[in-house]
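Here is a friendly tour of one protein model. Please keep the sequence and the 3D view at hand as you read.

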Amino acid sequence: MLDITKIRANFPILHQQVNGKPLVYFDNAATSQKPQLVIDSISNYYKTINANIHRGVHTLSQLATNAYEEARKKIQINFNAKYAHEIIFTRGTTESINLISSGFSQLLNKGDEVIISYLEHHSNIVPWQLVCEKSGAVLKVIPINEKGELLMEAFDKLLSDKTKLVAVNHISNTLGTINPVKEIIAKAHQVGAVVLIDGAQAAPHLKVDVQDLDCDFYCVSAHKMYGPTGIGFLYGKEAQLNKIPPYHGGGEMIKTVTFEKTTYAELPHKFEAGTPNIAGGIAFGTAIDYINSIGVENIAQQERSLLVYGTEKLLEIPGLRIYGTSSKKASVISFNIEGIHPYDIGSIIDKLGIAVRTGHHCTQPIMDFYKIPGTVRASFAFYNTKEEIDAMVLAVKKAKQMLS
Ligand code: 7TS
């Protein structure tokens, strides 16, 4: 069992009042809070070793380069990639997906097919629509059932030798469904397709092993796993990354440049043009150390108990419906109360110090599926408590009274 009081002491932002009430932060799927260690890591970098990387002979530049590359190595080990150069630093999941989709716009031909799912965040829909428009490829979508689970038989039927790429999320940000990605990857490989997994919501909650999954690409944002914003990574199998043309042109991604012809640097530098978010990368490494010091299993256990408790308590409210009822679920609860707009509930409970997200959560197709304008979404992290859930339930009851 985790000592939650001790853990909460690591997160300075949690100890404040918002609108005159103790903050209850249940918007962790949007972004998680940062422990003091991560905040210190950013400021220590600027205080002690700030310099540009991969280009200076001077000591600070070498120290900064070493720290940045050490963070890449930590990510490699944590996600069990075969090589450190299979980890490409990006601004986050959105940029990781766009890096691959823009590369594929040159690799896809008319009539090829790309499969995504109904559960995708817009950032794993729109890039593929853009690519299909450019290349003449066709976008196919895996449907879902009422519980918010992918219909795997329908997926089987969509797969064919025309399928060139499958892009699905590991965990849905809106419904919390944990998708059977290992099975999806194996099936897609049988028809010769490559698979990109959007791991934005999985990386903070599960132990992810990219070699065990056998995915071709895996995309992560640091800010959802207690690290800073503006940094994340794309994992890609070496052979797959070597097939993809560079994403951005510029400094540090080249081997030689003449006006006639440029040759590109080896992985990972081929995809890392320009000065990166050095402090962010280093602090991302610190966030991974922090998570491992708590233990992913312990995190998952605490979040599981919050999910079970929160589900039970919310369902005691008459007229409340939870969307996303798969038995394989992360600590996300999306709900509505009959006859009340989710935005109204969100606004009232905010006045009571409770931070949740309302709206479509960048997943409009899921809202269309359930024929709703949006949901109220409470997403828990391991630093949350049952007492906080009680405070939210009380606030939702008050909001319901005021609005009905
Ligand atoms: N994919 C999934 C599954 C996500 O949940 C998000 C962000 C993204 C991709 C994009 O990540 P980014 O870091 O590049 O922005 N999800 C949310 C959310 O649920 N609420 O705010 C952002």
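This is a predicted model: local features need pLDDT of at least 70, side-chain atom pairs count only at pLDDT 80 or more; totals for chains, interfaces and linings use all residues.

Residues are numbered from 1 along each chain as its sequence is written, and side-chain values use heavy atoms, with hydrogens and water left out.

- Strand β7 covers residues 163-169, and because six of its seven residues are buried, it is largely enclosed by the rest of the structure. Buried means under 20% relative accessible area (1.4 Å probe, protein chains only).
- Helices (H or I, at least four residues) and strands (E, at least two) are DSSP runs, numbered from the N terminus.
- β7 pairs in the parallel sense with strand β5 (residues 113-117) over three bridges; strands pair if DSSP finds at least two bridges between them. Val114 has Leu165 in β7 as its bridge partner.
- β7 also pairs in the parallel sense with strand β8 (residues 194-198), over five bridges. Here Asn169 is partnered by Asp198 of β8.
- From β7 the chain passes through helix α7 (residues 181-190) to β8 in a right-handed β-α-β crossover. Right-handed means that, with the strands pointing away from the viewer, the path from the first strand over the helix to the second runs clockwise.

**Pockets**

- On a 1 Å grid over the protein atoms alone, a pocket is an open set of points with protein on both sides within 12 Å along at least five of seven lines, a cavity is a set where a 1.4 Å probe fits but cannot get out, and lining residues have an atom within 4 Å of a point.
- The largest pocket holds about 290 Å³ of space, a volume being the space filled by probe spheres set on points joined across faces, edges and corners.
- Its lining has 21 residues, with Thr93, Thr94, His121, Ser123 and Lys224 nearest the centre.
- Helix α4 (residues 93-104) gives the largest share of that lining, three residues.
- The second largest pocket has a volume of about 210 Å³. Among its 17 lining residues, Phe89, Thr90, Arg91, Glu95 and Ala273 are closest to the centre.

**Cavities**

- The whole structure contains three cavities of 30 Å³ or more.
- About 60 Å³ of space lies in the largest cavity, whose lining includes Asn78, Phe79, Lys207 and Met225.
- Elements α3 (59-79) and α10 (278-294) each give two or more residues to the lining of the largest cavity.

Note on methods:
Buried means under 20% relative accessible area, exposed over 50%, partly exposed in between (1.4 Å probe, protein chains only).
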